[in-house]
Amino acid sequence: MKEKFEELLMRFLVWREKNIKDSTFILIVCFLVGICCGTAAVLLKTLIHYIQTLLTENFRADGANYLYLLYPAIGILLSGLYVKYIVKDDISHGVTKILYAISQNKSRIKPHNIWTSITASSVTIGFGGSVGAEAPIVLTGAAIGSNIGRLFRLESRTLMLLVGCGAGAGIAGIFKAPIAGVVFVIEVLMLDLTTTSVLPLLITSVTAATLSYVLTGPEAMFQFTQTQDFLFERIPYVLLLGIFCGLISLYFTRAMIWFEGKMRKVKEYRKKFFIGASLLSILIFLFPPLYGEGYTTIVDLLATRYQHLMDGSMFYFLNQNYWGLVLFLVGVALFKVFASSATNAGGGCGGTFGPSLFLGAVVGFVFAYASNGIGRIPFLPVDNFSLMGMAGVMAGVMHAPLLGVFLIAETTGGYSLFLPLLIVSTSSYATIMAFEKHSIYTMRLAQKGELITHHKDKAVLTFMQIGKVIERDFEEVKPDMYLGDMVAVIARSHRNMFPVTDDKGILLGVVLLDDIRNIMFRPELYKRFKVSKFMVSTGSKIRSDMTMEQAMRLFDETKAWNLPVVGPEGEYIGFVSKSKIFNYYREILLENYSED
């Protein structure tokens, strides 16, 4: 069966090359990617909704529900066992994986990511895991784009574009927000928007969003009706909200990275699960809005139905207490990051996209609600500020101000608040950039030097790998060799530089042809001088685990044209020359940034 399929595929590819232009075929493939991603997004949303409804529809509103202590633990246990024993691969940190695939893995994403993230995240979130479904659907969409592109044998530059298209289509499909899908690819995945990429991105995003509309209805994801006009006298408070959102985003990012670092030190799976499940279950029991994505809470805040936010908790009796509600939501905001981190650390699967939206809505509401309670400033409509808070925290956490604006406007229909959305997003982004230059997604890759950026020079260097430019055709010599032996080595070599290594292969120095030219033609000296006498130190060395950007910085500092490459223990590997790097640089530049 497999051989028959391969034969039919090859026949189709031959026919396609003769009858369909490459540019036209790419658009057809993008349409197919959009259909698949839209279907996957609707499937994921449906599964999560079905599981949550099945488990919680009979929960009481006027008191604590002790099943909150059980469901989240079961969810991350099932998800963790599925990943550990069935998938047998890490499927967490979906957006980070896509960034790595684009910058370091030739845009290749494993085929199982097409369905494994959907399965694991639907169980995790449906049972109460306090994470979002957006990162899993983005990874699913990117995997769809990557594998469809590989199926049709498309080149690496087109494969990168399809990965971006799939990721954008995932966002567009799950939020019914095609513009946000395109902006996500540009700001978060950091792919350049060129004349050749804009149409494919639009086709996939619009196709996925349209399919989502057809299958789930035309309603916006978060229903919002503006009950009050925006007044310009509120602009200072909008600006303050943006700064506040930036600081909250910084807290969210730093706390999550810190918690993840602590949990990484726990090596035993059962211990990790126990810590994550216990923390998650207790937090959800105390603060039920932390259950799942929290989108029900967002809808209630936007509709000003905040009188029942403490339903199902032990704090039910404080529902009508003004400052009791504020304190409850402050607790929700502070502990959301730990609930999300515990979900993933304990074995669950989900992303930070949804939690940032949830946190933003809560922060915006608390900002306006508490200000109104003080009563010394103009009245601030809590629904408007909840909406703006969503944009602010998203812009800060993801370092994507335009995404914050367009996603919130599209998912809520709040286009009339476009100006304050811009103000909040910009001020939040500016605030967090003063403290943290990398988003929560890019921080892990940036620490390893594996992050692609909009800076083309740095982006090209990111694509380049040290191993691809190492030249190994240098004749090695030993320090105890005589000059006569050295001359024999020179005679059979076409290089003018010779690495000196010991018996364990450790690089000791280098012999330069120019340094011995005056004695190499004097036979009477052949048994007088040893290599150890006329070898010189290599100075700076490139380690095999360095990034290309670090290597180029070393070239700039030393002004050298050639530098040796050594392994972790100092063992000699080869040399890297600037000319080799420049040729490789040009190849990568033409391959990934040409618009032809």
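Modeller: Two strands pair if DSSP finds at least two bridges between them, and strands (E, at least two residues) as well as helices (H or I, at least four) are DSSP runs numbered from the N terminus. This is a predicted model, in which local features need pLDDT of at least 70, side-chain atom pairs count only at pLDDT 80 or more, and totals for chains, interfaces and linings use all residues. Residues are numbered from 1 along each chain as its sequence is written, and side-chain values use heavy atoms, with hydrogens and water left out.

Strand S4, residues 562-566, pairs with S5 in the antiparallel sense over five bridges, and one of the pairs joins Leu563 to its bridge partner Val576 in S5. Between the strands of this hairpin lie five residues, and there Gly570 takes a positive phi near 90°. Strand S5, residues 572-577, is mostly covered, since five of its six residues are buried (under 20% relative accessible area with a 1.4 Å probe, protein chains only; exposed is over 50%, partly exposed in between).

In soluble globular proteins, nonpolar side chains tend to be buried together. Ile243, by contrast, is partly exposed, with a relative accessible area of 35%, and this residue lies in helix H10, residues 235-264.
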